[in-house]
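I opened my notebook to get to know a structure that was new to me. Here is what I looked up, entry by entry.

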Amino acid sequence: MFLLVQRFGELMRKLWNPRNFKAHVSPHEMLQAVVLCSKKNFQITKQGDGVDFLSWFLNALHSALGGTKKKKKTIVTDVFQGSMRIFTKKLPHPDLPAEEKAQLLQNAEYQETMVESTFMYLTLDLPTAPLYKDEKEQLIIPQVPLFSILAKFNGATEKEYKTYKENFLKRFQLTRLPPYLIFCIKRFTKNNFFMEKNPTIVNFPITNVDLREYLSEEVQAVHTNTTYDLIANIVHDGKPSEGSYRIHVLHHGTGKWYELQDLQVTDILPQMITLSEAYIQVRGHGDTSPTPKSPPHVAHPPVSPPPRSGSGARRTRPTSKAPEPRGAAH
């Protein structure tokens, strides 16, 4: 697994080398390491899911660097890992009579429990897409604000999770925010027959996404900076089984946004990014955005004014120095 760390480190050094001879870098060795270390779960010739690869890649780098789930940390967890509280409450079967439900809710098994957990990214659930067409016989593409799907982590919103045997009510509350936060918008759902994609557009701001209200009260004082700006936006276009990926990346040096798709790199306006079907977002603190620096102050030596050509000043004629003869000894 350490081969993955070596190849990824080599790729990063090639990308950021200021003395690079070639203008392009080939990631072929890195891709070969991904195929070997993932035991061919991710292949070069077959497109995989972006969230699945991101989750595997971060955990593989963390374990290859010697990190563990609880005790030993690495640079991966220092950058991306946060923590949350998960409150879980078991629900009785809905077909039971009301009296039996009331008795079961008194048992310790059905009381709410709290568990501290860590995360590498936050999964945001989209509302169900509409099934019916509008009056113009066209499907409506719904829109939802980012903060409405972030309400899942405010500590009060409850959501029901169903399994084959039992049902649970869960609510989440953030306790620690990482320096860089990853949002994964859950667009794909798989049933027994096929994969389905939710085309809902998420309306999100590019900068100043404040997550202070999603932290518990005793932790809010510890976090001085809770605002995040968008750094990268990964978009999935097309059908769920096929489709293609596009990436929007911010260039910190100039503050411009670029769209990357395979080998094509084009400029893009920030207003166009919010209209895309965002799938994965990487955000950093507000102080990571580029700020114009003022030029340093240079102290110049004082310049003496030229002498006046009045009665008290005597004019002198400049004299030229005679050239020395060749071969003169110094």
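**Entry 1: a histidine in a loop**

Which residues does His223 touch, not counting residues up to four places away in sequence? I found Thr175, Arg176, Leu177, Arg212 and Leu215, where contact means heavy atoms within 4.5 Å. His223 sits in the loop between α7 (217-220) and β12. His223 counts as buried because its relative accessibility is 12%; buried means under 20% relative accessible area, exposed over 50%, and partly exposed in between, with a 1.4 Å probe and protein chains only.

**Entry 2: ground rules**

I noted that this is a predicted model, in which local features need pLDDT of at least 70 and side-chain atom pairs count only at pLDDT 80 or more, while totals for chains, interfaces and linings use all residues. Residues are numbered from 1 along each chain as its sequence is written, and side-chain values use heavy atoms, with hydrogens and water left out.

**Entry 3: the whole chain**

I looked up the secondary structure and found eight helices and 16 strands. These are DSSP runs numbered from the N terminus: helices are H or I of at least four residues, strands E of at least two. The chain has 330 residues, and 33% of them are buried. Among contacts with a separation of 6 or more, 64% join residues 24 or more positions apart. The accessible surface is about 23400 Å², and carbon and sulfur atoms hold 56% of that; the areas come from the Shrake-Rupley method with a 1.4 Å probe, and for residues only the protein chains shown count as cover.

**Entry 4: the nonpolar cores**

Which members of the largest nonpolar core touch the most other members? They are Leu146, Leu150, Leu174 and Leu211, in a core of 31 residues. A nonpolar core is a set of buried Ala, Val, Leu, Ile, Met, Phe, Trp, Tyr and Cys residues joined through side-chain atoms within 4.5 Å. At least two residues of this core come from each of β1 (82-91), β3 (122-125), α6 (146-150), β6 (167-176), β7 (180-186) and β12 (227-237). Apart from this core lies another of 23 residues, including Ala33, Val34, Val51 and Ala64.

I then followed Leu211. Not counting residues up to four places away in sequence, Leu211 touches Leu150, Leu177, Leu181, Phe183, Thr226 and Tyr228.

**Entry 5: α2 and what comes after**

In α2, I found Met30, Ala33, Val34, Val35 and Cys37 buried. The buried residues of this helix pack against α1 and α3.

Just after α2, Lys39 takes a positive phi of about 55°. Are they buried or exposed? Lys39 counts as exposed because its relative accessibility is 73%, and Lys40 counts as exposed at 59%.

A search of the whole structure gave me one cavity of 30 Å³ or more. About 50 Å³ of space lies in the largest cavity. On a 1 Å grid over the protein atoms alone, a cavity is a set of points where a 1.4 Å probe fits but cannot get out, a pocket is an open set with protein on both sides within 12 Å along at least five of seven lines, and lining residues have an atom within 4 Å of a point. Grid points are joined across faces, edges and corners, and a volume is the space filled by probe spheres set on the points.

Arg7, Glu10, Leu11, Lys14, Ser26, Pro27, Glu29 and Met30 line the largest cavity. α1 supplies the largest share of that lining, four residues.

Next I looked up the second largest pocket, which holds about 250 Å³ of space. Its lining includes Asn59, His62, Ser63, Thr118 and Phe119. α3 gives the most, with three residues.

Gln111 lies in the loop between α5 (98-105) and β2, and at 38% relative accessibility Gln111 counts as partly exposed. The C-alpha atoms of Gln111 and Lys90 are separated by 7.1 Å, though the two are 21 residues apart along the chain.
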